[in-house]
Amino acid sequence: MDSATLTRTIFIDGEAGTTGLGIAQRLASLSGVAVKSIAPEKRKDAEARRAMMASVDLVVLCLPDDAAKESVALADSLGAKSPKIVDASTAYRVDPNWTYGFAEMAPGHEAAIRNATRVSNPGCYPTGGIALLRPLVDAGLLPADFAVSVNAVSGYSGGGKSMIAAYEAKTAPDFELYGLGLAHKHVPELQKYSKLATRPIFVPSVGNFRQGMLVSVPLHLDALPGKPKAADLQAALEQRYAGSKLVSVQPAEASGKIEPQALNDSDRLELRVFANETHRQAVLVARLDNLGKGASGAAVQNIKLMLGLE
């Protein structure tokens, strides 16, 4: 059997969670892949998990941070038999020894993921923020030390376990801001991979719908070097994502409105520049499914790259 027809084996550690289930569902329709599972009663058995890791090509970690670190230690203990890993937690997202799993982030980054053995899957909010900001920083349109604010709204599935429980129990409000201690766990990766020298202000929110996400960045155009026009920002984004299968730059809706759920159940990411040149103001907007390109979809994209299945 040659490499083109070889079946790659995958173990999802934490397959019962939302992200794990989404990954398993996507992998079920992917040829050349076999997902292996541990009996439910042995999911917390370290030796059973270690033996499983030794038998597969790649492990996906869909676990809390501390549990993910324990699983990585198990995998590392296998030495030459250690599988490739995609980690969906925040444990390794800014670790220099891991490759950040946003393939479209910069030229050459897809190749870096393809050659990596340890990949940290991005957070949903940072995926939208980095997609908007990184090309502008790279193009010199947005200084690295610029004071950036990032606002976002997600369906309740993007709000974490306790918020999901509250919305499903119908005890949560229809809408709420959160993370107002300004220490949200996604800020470090948002700052690092957007190449921002100044810590951005990040204000997430969650609404009474299951999935779908908008991430927005307001800008005063005359505060930027060279006082660019909105068209310059649009052009920089279009240049970065030209030819991308999943990330596209769209024209802003003439209505001045955009809703968060249009990309649900897809792995696409759309970017727009809304602007008023008279007032010299712009709002950059990213739309994605927080369970798709923001989680399971990104993980499967990384899996395909790492296993040569793309």
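This is a predicted model: local features need pLDDT of at least 70, side-chain atom pairs count only at pLDDT 80 or more; totals for chains, interfaces and linings use all residues.
The model contains an open sheet of six strands, arranged in the order β2-β1-β3-β4-β6-β5 with parallel pairing. Strands β2 (33–36) and β5 (99–100) lie at the edges, each pairing on one side only. Within the sheet, strand β1 (residues 8–13) is joined to strand β3 (residues 58–61) by four bridges in the parallel sense, and Ile-10 is placed opposite Leu-58 of β3. Helix α2 (residues 46–54) packs on this sheet and touches β1, β2 and β3. The direction of helix α2 forms an angle of about 155° with that of β1.

The largest nonpolar core comprises 48 residues, and Leu-142, Leu-233 and Leu-271 have the most contacts inside it. Helix α5 (residues 124–138) supplies the largest share of this core, namely eight residues. When neighbours within four places in sequence are set aside, the contacts of Leu-142 are Leu-133, Leu-136, Val-137, Val-148, Leu-196, Leu-219 and Leu-224.

Ser-162 belongs to helix α6 (residues 161–168). Ser-162 is classed as exposed because its relative accessibility is 60%, where the class requires a value over 50%. Along the chain, Ser-162 and Arg-280 are 118 residues apart, and a distance of 41 Å separates their C-alpha atoms.

Key
Residues are numbered from 1 along each chain as its sequence is written. Side-chain values use heavy atoms; hydrogens and water are left out. A nonpolar core is a set of buried Ala, Val, Leu, Ile, Met, Phe, Trp, Tyr and Cys residues joined through side-chain atoms within 4.5 Å. Buried means under 20% relative accessible area, exposed over 50%, partly exposed in between (1.4 Å probe, protein chains only). Helices (H or I, at least four residues) and strands (E, at least two) are DSSP runs, numbered from the N terminus. Contact means heavy atoms within 4.5 Å. Two strands pair if DSSP finds at least two bridges between them. Axes are lines fitted to C-alpha atoms, for helices over the stretch in contact, and angles run from 0 to 180 degrees between N-to-C directions.
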